[in-house]
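Okay, thanks for coming, everyone. Let me put the structure up, and then I'll walk you through a few spots.

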Amino acid sequence: MFRGANIFLFILLPNTFLQKMRLSDYIRDIENFPKPGILFKDITPLLGDASAFAKATSEILALIGDQKIDKVVGVESRGFFFGGIIAEKLDAGFVPVRKSGKLPYKTVHETYALEYGTDTLEIHEDAISPGDKVLLHDDVLATGGTAAAVVKLIERCGGEVVQCNFLIELLFLNGRKNLKNHNIAAVITY
């Protein structure tokens, strides 16, 4: 009987710990990166802790609920960390969106403005089928330029963006304004 009680406690303790864990405690601020004046939210401490990584994955999945998802689009490169896991858990395909010149097959591209310049993103032209229900995932919603460019790529391929998911949303940068008419969800907000 005592042995069974230990097993029961072992099962409860990790779940209780995960419920009380604050994911924001695993986000590190890096000043002046990638350029002066930018405060970068570094998620690598969260990724490096198995319990925090598991909790973040669970909370991202909870944001989706029971929506039908055919494809999960992860944005290079930090959107890949959770994007593949989310796709596997949802029994959906995973689609990488990458910077120009990184994908080997025919692509569709979109150039957009960043807080500190411009960039171009690409998706394989056959990665999304017309009518696919698509979840966009990236690590941070800042000004919304990157996410808006990815939405355009998804829609140009015929996909329907069901939700835009983020681990972090920086509310003070008002990135939602660039994603009008789209469902937006984030686990952590600043």
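When I say two strands pair, I mean that DSSP finds at least two bridges between them. And keep in mind that this is a predicted model.

So, the strands. Take E4, residues 93–99, and E6, residues 117–124: they pair in the antiparallel sense, over 2 bridges. If you want a spot to look at there, Arg-98 sits opposite Glu-122 in E6. Now go to E5, residues 107–114. That strand pairs with E6 too, again antiparallel, and here there are 8 bridges. Over on that side, Thr-111 stands opposite Thr-120 in E6.

Next, the cysteines. How many disulfides does the structure hold? The count is 0. As a reminder, a disulfide is a covalent bond between the sulfur atoms of two cysteines. Is Cys-157 buried or exposed? Cys-157 counts as buried because its relative accessibility is 11%, and the cut-off for buried is under 20%. Cys-164 comes out at 0%, so Cys-164 counts as buried as well.

Last stop, Asp-42. You'll find this residue in strand E2, residues 39–42. Its relative accessible area is 11%, so Asp-42 is buried. What does its side chain do? There's a polar contact of 2.8 Å between the side chains of Asp-42 and Thr-44. And if you leave aside the neighbours within four places in sequence, Asp-42 is in contact with Tyr-26, Ile-27, Arg-28 and Ile-30.

That's my tour, thanks.

Key. Residues are numbered from 1 along each chain as its sequence is written. This is a predicted model: local features need pLDDT of at least 70, side-chain atom pairs count only at pLDDT 80 or more; totals for chains, interfaces and linings use all residues. Side-chain values use heavy atoms; hydrogens and water are left out. Helices (H or I, at least four residues) and strands (E, at least two) are DSSP runs, numbered from the N terminus. A disulfide is a pair of cysteine sulfur atoms within 2.5 Å. Buried means under 20% relative accessible area, exposed over 50%, partly exposed in between (1.4 Å probe, protein chains only). A polar contact is a pair of N or O atoms within 3.5 Å; within protein, one must be able to donate a hydrogen and the other to accept it, and residues adjacent in sequence count only if both atoms are side-chain atoms. Contact means heavy atoms within 4.5 Å.
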